[in-house]
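Here are my notes for your first look at this one. Have the model open while you go through the points.

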Amino acid sequence: MLSRPRRDRRIRFGPFVLDTANARLYRGDEVVAVRGKTLALLEYLAMRPGQLVTKDELLTRLWPQVHVSEDALVGCVRELRMIFGDTRGAARFIETVYRRGYRWIADSAAQDAADEASTLLDVAPPPPTVVGREGDLAQLRQWFERAARGMRQVVFVTGDAGIGKTALVQAFIRSVAPRALVAHGQCVEQYGPAEPFLPILDALARCLPEPILGPSAGGATASGMMPERAVRLLGGAVEGLAAEQPLVLVLEDLHWSDPSTLDVLSYLARRPDACPLLVLATYRPTELILRRHPLRGLEQELRAHQQCAQLALGRLSLGAVQRWLEARCASPPRALVDWLHRRTEGHPLFLITLFSSLVDAELVAYRDGAWQVDPGYAGFGVPESLRLMIDRQAEHLDEADRRLLEAASAVGTQFSAASVAAAVEEELIALEARCDALARDGHFIRAAGVAEWPDGTVAAAFEFTHELYRSTLYARLSPAHARVLHQRIGRRLEDAYGARADDVATELSVHFERGHDAGRAAKYLEKAATLDTWRGAHREAVAALRRAIAIVALLPDSAERTDRLIFLNLRLGASLLVAEDYADPAVQATFERCRELAERADALPPLLVALAGLHTYHAARAELADTGRIVPRILELAERLPLPQAIVVAHTCAAWSEWSRGALAAACAHGEWAIAANLTEPMTFPSAFDLVGYAFGTTAFATMARGDLAAARALSAQGRAWSDHTGRPVDHATSLALAALLHAFMNEPAAAGAYAAQSVAVAEEHGFRQWRATGRIIAAWATAVERRSTESLATVVARIDEYARMGLRTQLSAFLCLAAGAQIVAGKKEAPLELLTQAEAHARTSGEQCYLAEVHRLHGEIALPREPRKAEARFQSAIEVARAAGAKLWELRATVSLATLRRREKKPVVARQLLDAALASFPPELDAPDVRAARTLRARVA
C-alpha cells in the first residue's frame with residue numbers, strides 16, 4: 001500500500017488545497033476532477049517537499065505488483081501540469097529531475113483541517129488567452145459543456161500552417177484542464193506509408209498503462225486482427241477513458257493521418273451512445289486538397305449528418321495585432337502596429353517570425369516599460385513567404401548550430417539528441433548541451449522530455465516549435481547530405497533497438513529508403529506491414545508492402561530478388577483479401593504477378609498459394625470458367641507437393657468449383673479428400689479464410705443436394721467442431737455462415753436464422769465483411785419466411801443488393817431463389833418473377849448451376865395458377881436438371897410440385913407414382929421439411 005503519513009491534514013499550494021483525508025483537490029471552493037492514480041502521485045510528492053522521488057519508487061508505490069511503463073507515470077505528471085497551468089520548462093510545483101524522477105518544489109504548508117490561518121502563496125497569473133481568438137475559445141468551451149453533459153462532440157479546427165490552431169487548442173485545454181482528462185495525439189509527416197492509428201495510440205499511451213493493440217490484443221491471431229475489430233478496441237478504449245472523466249481527445253495535423261485513424265474517428269463520431277467526449281482534430285485544408293486525403297470526404301459526410309462541427313480560423317484583425325504587442329509592452333507605436341498587420345496580413349506565425357526578426361536586427365526593443373523603435377524598420381525587407389523568412393533566420397545561426405538543426409530535421413518533428421549526435425558524428429553530451437541552449441532560446445526547438453532506447457541510451461528529447469521550421473531546414477539539405485544523414489540515423493536506431501527494431505520499423509523504413517539502402521528499407525517496410533496486420537490496419541499494410549515491392553523491383557535481377565518479390569506479393573495478396581474484399585480486381589492483379597514470378601523461378605509452394613489466391617478471387621465473383629482453368633493446375637501441384645496443407649488447398653478449391661457448377665459427386669469426392677488430410681492446425685493463408693471449414697461446408701452442401709441429409713448435418717457439425725478446436729474467429733464465422741446456408745437450402749428457416757444470427761455477431765465483432773453479408777441475407781430470409789411481411793421481404797432483397805455491391809457473385813442464384821421462394825409463399829407474383837429472371841441470367845453467364853433446378857421449379861410455381869402447361873414444362877426441366885446432377889433433394893421438390901399439378905388435374909395415380917419414385921431415395925426414418933411435404937401429399941393422393 002502507498003505510505004500516507006498523517007492522513008488527517010491538508011496541503012495548500014498556490015490556489016490549490018489537497019485534502020488528503022478525503023482524497024480531494026480543491027481550487028478555491030471548486031473540487032478539481034483528478035484521476036485516482038494522478039491524485040495518489042500528487043499526494044506522494046507533496047508529502048516529500050524538496051526530496052528527489054525516483055521513477056522506480058513512484059512506479060513501485062503507485063502500481064504495486066503491476067508492471068506498467070513509465071508512460072503511465074508521465075501521463076499522471078502531464079495531467080497535474082495541465083491542471084496547474086505549468087509547463088516542464090516553467091514548473092512551479094513539480095520539477096523534473098533529468099533522467100531520474102521528480103521533486104515537489106512548491107512552498108506548501110501542512111496543517112490540520114481546522115487550521116485556517118495559513119495564507120495562500122502568491123502565484124503568477126495563468127497564461128494569457130490567445131489574442132484575437134476570444135470568440136473561438138468561447139465556442140470551444142460551449143462544445144466542451146455539451147460533451148460534459150454526455151453529448152459527444154467532434155470538432156475540426158482548420159486553418160493554414162501557422163494560423164494558430166495548436167495555440168488555440170492549448171489555450172482551450174488550459175481553461176478546461178481542471179475538469180477534463182486530456183489525451184493528445186500527433187500525426188507526423190511520413191515519406192513512406194503512414195503508421196496506422198499513430199495519433200490514437202499516442203494519445204492512449206499517455207493515459208493507459210498497457211498498449212491496446214498488439215499480438216496479445218483481443219481478436220488477434222497469427223494472421224493479425226481484422227480492421228473493424230481494431231477500430232472497436234481503440235474506440236472502446238477512448239470511450240472507457242471518457243466514462244471516468246470528461247475526455248478531450250486532441251488529434252493534431254490530421255492532414256498527415258493514416259486511413260485507420262480516420263476509421264476510429266468515424267466510429268467515435270457516429271456512435272449514438274451518450275459519452276462525455278470532445279474530439280478536437282486539427283488539419284490544414286490546403287494539404288487535404290493537395291494530398292486528396294480521405295479526411296475531406298469523411299468530414300463532409302459527418303457534417304451532412306450533423307455528427308461534427310468545424311471551426312475555421314481566420315487571420316488576426318488589426319486590433320488583435322495591437323493587443324498582441326500590448327501583451328509585450330504597453331502602448332506600442334500605432335505605426336508599428338499598422339505596418340506589422342499590413343505586411344503579415346494578420347497571419348499569426350508570420351507576425352511572430354517577422355517581429356522576432358525586427359528584434360534580432362535591433363530595430364525594435366522594449367526596455368523599462370517603454371518601446372524603442374528604429375524608424376528604419378519600415379524598410380525591413382519582407383521575404384515573399386514564411387519559408388524564405390525562416391531561411392533568413394537560419395542564415396544568422398552559428399554554422400555548427402545550423403548543421404545540428406538541419407540534421408535534426410532529417411530525424412523528424414520530434415527527435416532525440418542521440419539521433420542527431422549520430423547524424424553529425426559528434427559526442428552526445430556536447431551536442432545535447434548545444435540543443436539545450438537552442439531550446440532555451442526557444443525559436444527553432446524546445447525541450448520535450450527524455451528519450452530512452454532499449455540499448456540503455458538516455459538523452460534529452462526536443463521538438464521543433466513548428467513543422468514549418470523543420471520542413472524548411474530539411475529543404476536546405478542537398479540530396480547527398482540528406483542521404484548520408486538518413487543512413488547514419490537509421491543505423492544508429494537499428495543498433496539501439498536491436499532485437500526490438502520491429503517497434504520502430506516504419507521509422508527505420510523511411511530513413512533507409514531516403515538513405516538509398518534498398519535492402520534495409522524493404523526489410524523494415526515488410527516488418528511495418530506485419531505490425532500493421534497485427535493492429536488490424538490492413539490498408540496500411542498494403543501500402544507498406546506495395547512500397548517494399550517497388551523498392552525491391554529496382555534491385556539488380558537475381559534469384560534472391562525474385563524470391564523476395566514472390567514473398568512480398570503473397571503477403572500483399574493476403575492483405576488485399578482483407579482490406580479490399582475477395583472480389584477486388586487488385587487481388588487478381590497481385591496474385592497474377594506472384595504466379596508469373598513463381599512459374600519463372602519454379603517455386604512450387606508459392607505457386608500453389610498464388611493459384612489458390614486467384615481461385616478465391618474468381619470463385620468470389622462466380623467466374624467458373626476461370627476457376628475451371630485453375631483447379632487442374634492446383635491439383636497437379638498438390639500431387640507434386642504431398643503435404644497436408646497442399647492437399648487441403650487443392651481439393652477444397654476443387655470441391656467449391658464442382659459444387660458451384662452442379663457436379664455434386666465430384667464435389668463430394670474432392671471435399672472428402674480435403675477432410676481426409678486431417679489437419680490439426682488452421683491454415684495460415686489467407687488470414688480471413690478457413691479452407692478446412694470450407695471443405696466441411698462444401699461437402700455438406702453437395703451431400704445434402706444428393707439427398708443424404710443426415711450426413712450433410714453431420715458434416716456441418718464437424719465443421720463447427722473444427723472451429724471450436726481452433727478457436728479462431730474466422731473459423732467460427734465460416735462454420736456458422738455455412739451452417740446457416742445449409743439449413744436455408746434444406747428449407748429450415750428457424751435453424752438457418754439462428755446460425756445466421758450467430759455468424760453475423762462474430763463477423764461484425766471481428767470485421768469479416770463477406771460472412772456478415774452472407775449471414776444478413778440468410779437471417780433476413782428466415783424472418784421473411786416466418787413473418788411474410790412486405791417489409792421483411794424487402795429486407796432480403798436489400799441484403800442481396802448489399803452483397804452484390806461488394807463485387808460478390810458466388811451463390812447469387814441460390815440467394816435470389818431463396819428470396820423468390822419467400823415472395824411466392826407470401827402470395828407475390830411480379831417480384832419473384834424478376835428475382836428468378838436475374839437468377840437464370842446469372843446461372844447462364846457465370847456457369848453457376850448448383851441451384852438451376854430450383855430456378856426452374858420456382859418459375860413453375862409462379863406459372864402454376866394460370867399457366868399449368870408452362871408450369872409443367874418448368875417442373876419437367878427441374879427434374880431433368882436435378883437427375884442429371886444426381887440432386888435427389890432438388891428432384892424431390894420438383895416432383896412434389898409436378899405431383900401437385902397432377903392432383904389438380906384429377907390424376908392421383910400419376911401423382912402417386914411420381915412421389916413413390918422420388919421418396920424411394922430417402923430413408924423412412926428421415927425427418928426433413930421436403931420429405932414431410934412429399935409424404936403429406938402422398939397421403940392425400942392415396
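1. Start with the pair α38 and α39: these helices are roughly antiparallel to each other, therefore counted among angles over 145 degrees. The axes of α38 (residues 868–885) and α39 (residues 888–904) come within 8 Å and cross at roughly 155 degrees. Axes here are lines fitted to C-alpha atoms over the stretch in contact, with angles running from 0 to 180 degrees between N-to-C directions. Helices are DSSP runs of H or I with at least four residues, strands are E runs of at least two, and both are numbered from the N terminus.

2. Who makes that contact (heavy atoms within 4.5 Å)? On the α38 side the residues include P868, F875, I879 and R883, and on the α39 side W890, A894, L898 and R902 are among them. The residues of this contact divide into nine nonpolar, three polar and five charged.

3. A word on the ground rules. This is a predicted model, where local features need pLDDT of at least 70 and side-chain atom pairs count only at pLDDT 80 or more, while totals for chains, interfaces and linings use all residues. Residues are numbered from 1 along each chain as its sequence is written, and side-chain values use heavy atoms, with hydrogens and water left out.

4. Now the whole chain: the protein chain has 41 helices and 18 strands. Of its 942 residues, 55% are buried, meaning under 20% relative accessible area with a 1.4 Å probe, protein chains only.

5. On to the largest nonpolar core, with 190 residues. Such a core is a set of buried Ala, Val, Leu, Ile, Met, Phe, Trp, Tyr and Cys residues joined through side-chain atoms within 4.5 Å. I445, W659, M704, I778 and W890 touch the most other members. Helix α31 (residues 729–745) gives the largest share, 11 residues. A second, separate core of 41 residues includes L201, A203, A230 and C275.

6. Take I778 as an example: leaving out residues up to four places away in sequence, I778 touches A740, L741, A744, A752, A756, F815 and L818.

7. Finally, look at helix α20 (residues 505–514), where eight of the 10 residues are buried, so α20 is largely enclosed by the rest of the structure. The cover over its buried residues includes α15, α19, α21 and α22. After α20 comes H516, with a positive phi near 60 degrees.

Methods. Buried < 20%, exposed > 50% of the residue type's maximum accessible area, 1.4 Å probe, protein only. Contact = heavy atoms within 4.5 Å. Parallel < 35°, antiparallel > 145°, perpendicular 65-115°, else oblique. Nonpolar A, V, L, I, M, F, W, Y, C, P; charged D, E, K, R; others polar.
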